[in-house]
Amino acid sequence: MAAKQPTPMTIAEEFAAKVRRDGQRERVMRYAPMIVLLALVLIFTAARGAAFASFTNMVAILNQLAIPLLVALGLTFVIMIGGIDLSINGTVGMAAALVGVLVMNNRFPLNLGFLGVLLAVLGSVLVGLAVGLIHVYLKIPSFMVSFAFMYVCKGLGLLSYAGQPPKIIDPLLVALPKTYWLGIPFITWVAVAVLLVCIFIQEYTAFGRYIYAVGTDETILRAVGVSVNRVKVMVFTLAGLCFGIAGVLYGIRLGQGDVTAGNDLMFPAQAAVVVGGTSLSGGKGGVTNTIVGVLIMTVLANGLLLVGVNSYIKTGIEGLIILTAVALTVAHGAKVVSK
Amino acid sequence: MKRIKVLLALVLALAMVGGGTLALAEELKDFTIDPAKIPQEKLDTVVSLAVSVRGLENPYIATIKVGMEMFAVYLDSIGQKYEMQVLDSGGDSNKEVDNMRQFAANAGGNALAYSDPNENAIAYSLAEAMAEAGGFIGTAWNKPADVGPADLTPNWVIHTSPDNVINGYNTAKALFDYMGGKGKIFVCEGMLGNTAAIDRAKGLDQALAEYPDITVAGRDTGNWATAEALTLVETWLGKDPDVGGVWCANDNMATGALQALEKAGLKGKVGVTGVDANTDIVEAVRDGFAVATVSSNGYLQGGYTLAICYAAWAGLIDVTTLPPEYREFATPALLITKENAAEYLSSVPEFDFSKPFACKAD
């Protein structure tokens, strides 16, 4: 009965076609990070062969992967709610400094053992909580609050050992970086455990659903009576926990309390999350995307080092490859209407 | 005839002046402070000593303060009255200039200071603050290339700095000798574009040219950071586990390299060198886990800079006639190897401050 259309499609058909097209785009976007990773692995294997694909190098990659992964996991949830956390260099550095001071070391008499490790992590958790509370209740953008805390934490970390990094001499903690299980370093196992917890939170808890919902449209959550503020504060606290664990492990890996451990962790972590396909506007992506993103960043740094690219141009090349990866993943995402 | 005589006299006079300055340049190195030549009124005047530094929590900077105290002991021995203080900027350039201005003004013309400018740009302001009050200052490490002591004669007496090229060369040579002159090395450079990093790498390259059987298996920047050096060495060890040495541009990175080697079970089997004489690396050198590091010798920098300023204040040297190479020069650094590491950790060196220019490296 309808008037003649220029195309034979009905509105329903058109809508179905559009959904299909969007679905295809989304599938491409979903696999783009994997394709980038695969391409990098193939290129580096072709360029360096045995040196890149060797067992020792795989272990080295797993060793180097652990801390960026922990940092990126915490950051993923923050980005999923549409926030940003710039405190990373400080929170990680502070935890790395505190662990050196609190466990058995060559400069300070405190010898709290495992309790020291927990306290060092707790410091970062409290900072995460503070960032969340200030952001939510004083209505200050999260990037500003967390940026300020980056400096606060760096200062506290430096103050904790007054300039000269304490060397960790607790025999258990000294042995940890050299401890392997099934060929994989202990530190990486910790990261894997945290990863599993994060996947569980994201997929199987109400809190995980709320995180997506906050990133998509806060008003929906408010309408059904969920406290958006509480979700946000919890997300920043969870991020603080991840940063704290990362910092403590970094201190143990370095064998000393060292506030500079956190330096230059923040932007690679942001890049890893985005390269993995999590949208900076929130509500899309997730923990599994971040694994791929972190793998891309780690493999890239490791491969370029093994290929032996001149250090003066290496950073530039690294940037271009990251840009390409982001263009492949995010540009497609931007066209997807449903958020 | 008379004209010829005048001309002859002029030539003779010129020759004498020329010969005089020549002799001066040669003898300056042995120039000795003679307490008998210092007027009693100078000895009875309270001279104010200061070292202007970034913060005493850094072990190297603490040695500069000790250098001042050692020079003060010398002043006691010749009967000079003095007082001394540390001007701590806490890493704040403005504060360092303010501190200097206040110190110089309080002490008037009787202020002597060693200053490690927090950054290149403030070196002139610090010297200017001293010049306005009529005191004497020597700077170390940082200053822009286009300004120097000659711009504020006589108050800006000297500017000195340890020679980073030589530091890089000496540690590299110690490492290569340890390796028996052949084998693979990894190189952790400092922050790209940083003067100290460029110069130390230049020294390494000079040594590499002298040892053709040493090959570089991995070379990248570790940005002065322990964590980055750890990652570099860990990655390189995967492809070259038969490496013989790791050259690092500073001790922080040497710490990271040692940690990576320990994880691979190679600590003590692979030579490591750094620069800075951080306590943990000097201990590693003593215990045979590292080959060498370099001390910039803060005792010498602090003590001798004040000694030269003192000689200028007491009128024993005339700053206006000092040749340029005695206004800006390199100070010797101390190479720390297994032979002297234990001694370095347990003792403070002794200096003869009566020969202030003994601190000049040749």
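1. A quick way in: of the 362 residues in chain B, 49% are buried. Keep in mind that this is a predicted model, with an ipTM of 0.81 and a pTM of 0.78. Chain B holds 12 helices and 12 strands, and its C-alpha trace spans about 80 × 55 × 35 Å along the principal axes. Take the contacts in chain B between residues at least 6 apart in sequence: 75% of them join residues at least 24 apart.

2. How far can you trust chain B? The mean pLDDT for chain B is 89, and 92% of the residues score at least 70. Confidence in this chain is highest in strand 8 (residues 245-248), at 98, and lowest in helix 1 (residues 2-27), at a mean of 54. Over residues 16-23 of chain B, pLDDT stays under 50, and the model has 0 contacts beyond four places in sequence for that stretch. Where pLDDT is low, the predicted coordinates should not be read in detail.

3. On to the layout of chain B.

4. Which strands does it pair with here? Strand 1 (residues 47-53) of chain B is joined to strand 3 (residues 111-115) by 5 bridges, and the two run parallel. Strand 4 (residues 136-140) of chain B also pairs with strand 3 in the parallel sense, over 4 bridges. Residue by residue, B:A50 stands opposite B:A113, and B:V51 stands opposite B:Y114. B:Y114 also has a bridge partner in strand 4 of chain B, namely B:G138.

5. Is strand 3 of chain B covered or open? Mostly covered: 5 of its 5 residues are buried. In a regular strand the side chains alternate between the two faces of the sheet. For strand 3 of chain B, one side has B:A111, B:A113 and B:S115, the other has B:L112 and B:Y114, and all of these are buried, which leaves both faces covered.

6. Now the nonpolar packing. The largest nonpolar core has 156 residues, and those with the most contacts inside it are A:L70, A:V71, A:C242, A:I296, B:V233 and B:A257. Helix 11 (residues 228-254) of chain A supplies the largest share of this core, 17 residues. A second, separate core has 53 residues, including B:I33, B:L126, B:I158 and B:A314. As general background, nonpolar side chains tend to be buried together in soluble globular proteins.

7. A:I296 is worth a click. Leaving aside neighbours within four places in sequence, A:I296 is in contact with A:P33, A:V36, A:L37, A:L40, A:V275 and A:A325.

8. Where do the two chains meet? In total, 26 residues of chain A are in contact with 21 residues of chain B. On the chain A side, the elements giving two or more residues are helix 3 (55-80), helix 11, helix 13 (287-307) and helix 14 (311-335). Helix 3 of chain A gives the most to that side, with 5 residues.

9. Last stop, A:Y180, which is found in strand 1 (residues 180-181) of chain A. A:Y180 counts as partly exposed because it has 14 C-beta neighbours inside 10 Å, where a buried residue would need 20 or more and an exposed one 12 or fewer. Beyond neighbours within four places in sequence, A:Y180 is in contact with A:P185 and A:F186. A:Y31 is 149 residues from A:Y180 in sequence and 32 Å away in space, C-alpha to C-alpha.

Technical notes: Residues numbered from 1 in each chain as written. Chains lettered and ligands numbered in written order. Contact = placed C-beta atoms within 7 Å. Core = buried A, V, L, I, M, F, W, Y, C linked by C-beta atoms within 7 Å. Pairing = 2+ DSSP bridges. pLDDT = per-residue confidence, 0-100.
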